[in-house]
Amino acid sequence: MKYRLLAATIVIAASPLLAEVDLTPPESASEAEGLEAWARIYEVASHPRCSNCHTGESDHPMWSGPSYGQARPHGMNIRAGESRMGVEYIPCQACHTTMSEDWENANAMPHTAPRVPMFWQLAPVEADWFGRSSIEICEQLRDPELNGGRDTMALAEHLDHDLILHWAWNPGGNREPAPYSLQEHVDDILIWGVAGMPCPES
Amino acid sequence: MRLTVNGTEHEVDVEPDMPLLWVLRDELNITGPKYGCGIAQCGACTVHVDGFAVRSCQLAIGDLQGDVTTIEGLGTPDNLHAVQEAWIEQQVAQCGYCQSGQIMQAADLLAANPTPSDEDIDAVMGGNLCRCGTYPRIRAAVHAAATKLQGA
Amino acid sequence: MASLGKIARRTFLIGSAAIAGGVAFGVYAARQPFPNPNLDDLSEGSASFNPWVIVDNERVTLIAPHADKGQGVFSTQAALIAEELDIELDQVEVSFGMPDQAYFNTAITEAAAGFPMYDHSPTAERVRGFLGGVAKLAIPMMATGGSSAMPDVYTKLREAGATARETLKLAASEESGVPVADLRTERGAVILPDGTELPYTALAARAATLAPVTDVALRDPSQWRMLGQPMDRIDIVQKSTGTLPYGIDFRTDDMRFATVKVNPRQGGAMNGYDASAAEAMPGVERIIEITGGVAVVANNTWRAIQAANAIEFDWGAAPYPADQAAHWEHLAGIFDDEHLNAEARVEGDVEAAAGEEITGEYRSPYIAHAPLEPLNATILVTEDRVDIWTGHQVQQFVEQVVAEITGHEVDNVHLHNQFMGGSFGHRLEFDFIRQAAEIAHQMRGTPVQMTYSREEDFVHDFPRHITMGRGVAKVLDGQVNALDVQIAGQSVMRSQMGRMGLSLPGPDTQLHEGAWDAPMFNLPNFRVRSYLTEALAPVSSWRAVGAGPNVFIFESLLDEAIHAAGADPLEERIRLMGHDVSVGVLEAVGDMCSWNGANIGEGRGRGVAYGFSFGVAVATVVEVTNTDGGIKLDHVWVAADVGRVLDPVNLENLAQGGTVFGLGHAINCEITYADGMAEQTNYHAHEGMRIWQCPPIEFRALENNPKIRGFGEPPIPPSAPALGNAIFAATGQRIREMPFNKHIAFV
């Protein structure tokens, strides 16, 4: 399979959208507080707005959640390939076009392909969350081998910078947003980190 | 706002969130790209931006970066692109309304993958809906076009 | 095939032809009761004899009046004329012409004659002839539908071509002094014995002075040059280069773009609306009240759609049950004498017949037409005349409907029929025409193109009717001994004709079409009854109409019975069939797939189904595998008998496409109502088949049918039951309701 250079399209459109997320960790957090934070984090991670694109070895994104009925692979036989961006087949960006400004109604139309100010893509293979349990995702997320070598501060920064993630809380159309808010989710990550990244036992 | 379509530069006075499709169709009267669904479900509006297939109903004109090629710019009746030649030889079209998009997507597929398998074709062309059901002929035409391009 | 360069140089004459001096030919001159519409456009001193062939000093123009929605009749009509006229398709211009009663469809009433279309007895033919005559006198309807185009034009277009040829030869004889018997014709010219070529265009003026030669013999098919051979469709280059203008592509100076919103609860009232936000949006020029809703006129279609979406409406209730479950409950309650539409077939005594009983209840849902080109029409109203640019299947009614709204004499209303990006029956409807006319009437002097958003196209569709079937089969000694089929559904014809202001007396034959006329003459006990309601959502003809649901019901029940009897699904169907043409297609499809039973290994299966619709016998075999990811369609074989194959490539394309259409909708499409509104508003929820689900589809055409038949619809009915029967063979699961994906997963 030949890849064409994606030079023109891979450039992330200059974005004014870097969110103002407060990345200040709490001074302390107990294990119990950490587990409570984790429970909320899992609600987010397992929510369709997030997990649909964390499909692991499968390069098929998923369509699931209240607006889709039964969970099924992304329609149209969409495959993200090894690139996780679809360049071997049809780039995600053919439909999930980038938006360089925060058009007020960028994703207002129901059932359109969502648009964000960066290249749409699947999460890396090792971030395999779809259909996984709280324990499994927790273990993955605290393992540097599986989380991109990040500590919790780096995870929180990733949430700040990776604009595709922001869409989860503002998905538009008739899609259900991820629970809580971006800031609350970042806060929970930081609490969980300060508490020593505890994972539930059952 | 300025854009280049099929090598010609145009100036249009439109809102930046107007989809490229409607700039082409209703502002510039370039009607080869078709409106079918407006939500990236049918592929009839497919054009190339800097050589890559894009659903023009999804691309806000304010986000357009690059030159646009529509079906009219891919090839003409007097100077057919290899994919169009194959489409004619296989007599693919019935109503033909989706075929502009099918051909643009197929041209992009063959630029990336000169010898696609049926599985590759099914993965890349899966977003292009044909209500008349010409899929068996589309598959045959993609293979035929691949052969033509290999020989070229 | 013609060279690409030649094809590329072809141009079409779309819409009205401005003919400067010329002659038109046709055998119908003598017995044609209607004036020749071409006369209006011919200059003084010119003659015109008939509606289909016009020759002037520059070109030969063929009129192909049947609408082309993708089925290819534009090309085939031209080829029928050109075959006898001895001219090549790259030498002519082809036009849809202008609507006229001269082009009335002689074949469309045939299905309503009350005889199965395989019945060629003198009585059946007399009734058909009588009905055709009545139709000619009462409503000489120009229409394209019911797969009737080829039966309608097969003879008359060849006669028109032959008449023109012989008259041109007579003109050449007068010019040259050479007897007609010594002249021949080729490539658009009369050729003298010495080889001199007299082009038809050079003979036009003299031919115009002659009475047409109507005593012509048509050539035997064995002498055909192009018919029966693979042909390039004459629209193929334009359709492959984005240069064919559909109705939605029509552009003219100073035109405006509009869209409409009407109550998504079909037929419900508009109690009020607030368009203040829409009025302020960019490009919006007018907000116009129309019947049942509001139109936005803007300078760009997208702006019009955006503004229409910004209007707040107060819609009234639907005049039918609000929720889908109530639609099914209603149907379940009409299997009684009060609702009896017809006892359409009675053979033997199904109730007294012996055998083990098998019963089943089957459901076929509402389905949207959803042609890929959303419905649209461009209309310009001026003081003197009205011009309409749209694709429609009932051309003259369009002019009448618009004339009623604008107040013009119908003679001053002109439809320029356009190529259609599909129809599947949606372009038999008139709401979009009326809406566009109401807008243009209020925008006099300005051409306005009204386009439905895809969402409006879905929610304001009149879908395929829902149908419920109940069957009892009896099997005895390894054979099917009785079939008793009851079908309850809406009357498509009453719903559709009611919107045209017409009433349908008597039963609606579409309610049992495809079941009552199954030519299973060796089935000793056979009864088909149908039950009719008009209380549900408004519905319309959806490609194959009644035969779609009914063949699914009939062939599923039959398959259950055959399996219960322990017989072979193909062999038992052949045994039951006493109709040679039908036996032929079943044997052919068995030969094509090397049929060796329905069970072909663990998790794999084959299903066969037979459908008879629009006079065409079709047999389909589907092969599936039950994989971990769901049912996978591996292969399909189709055999059909249309009597005479005019274009084998196009016919194969229609067989493949019709099969895809039937299978795709059976797998994943339905329209359901909630709160009175269709819940499916775009292709994400009603997608039909996509390329990756499409198996290889092999086709064989037979020519044993005594009459030529059209093939736009017949491939569809047997495809769904063939798939359901294959799934049963592979999994043991009998699916009695479409769409199948409600009951089993597909890859």
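Before you start, know that the model is predicted, so to speak of a local feature here takes a pLDDT of at least 70, side-chain atom pairs count only at pLDDT 80 or more, and totals for chains, interfaces and linings use all residues. Residues are numbered from 1 along each chain as its sequence is written, while chains are lettered from A and ligands numbered from 1 in the order in which they are written.

**Stop one: chain A.** Select chain A and colour it by secondary structure. You'll find seven helices and two strands; both kinds of element are DSSP runs numbered from the N terminus, helices being H or I with at least four residues and strands E with at least two. Follow the sequence and the pattern reads α-α-α-β-β-α-α-α-α. Of the 202 residues in chain A, 38% are buried (20 or more other C-beta atoms within 10 Å of the residue's own, with C-beta atoms placed from the backbone; 12 or fewer is exposed, and in between is partly exposed). Now look at contacts (C-beta atoms, placed from the backbone, within 7 Å): among those in chain A with a separation of 6 or more, 69% join residues 24 or more positions apart.

**Stop three: a covered helix in B.** Select residues 20-27 of chain B, which form helix H1; seven of its eight residues are buried. Among them are B:Leu20, B:Trp22 and B:Arg25. What do the buried residues of H1(B) pack against? Show strand S1 (2-5) and strand S5 (68-69) of chain B, then strand S8 (256-262) and helix H9 (301-309) of chain C, and you have the partners.

**Stop four: where C touches B.** Bring in the rest of chain C. This time 55 residues of chain C are in contact with 51 residues of chain B. Elements giving two or more residues to the chain C side are helix H1 (4-9), helix H7 (236-241), H9 and helix H18 (648-668) of chain C. H18(C) has the largest share, six residues.

Terms used:
Two residues are in contact if their C-beta atoms, placed from the backbone, lie within 7 Å.
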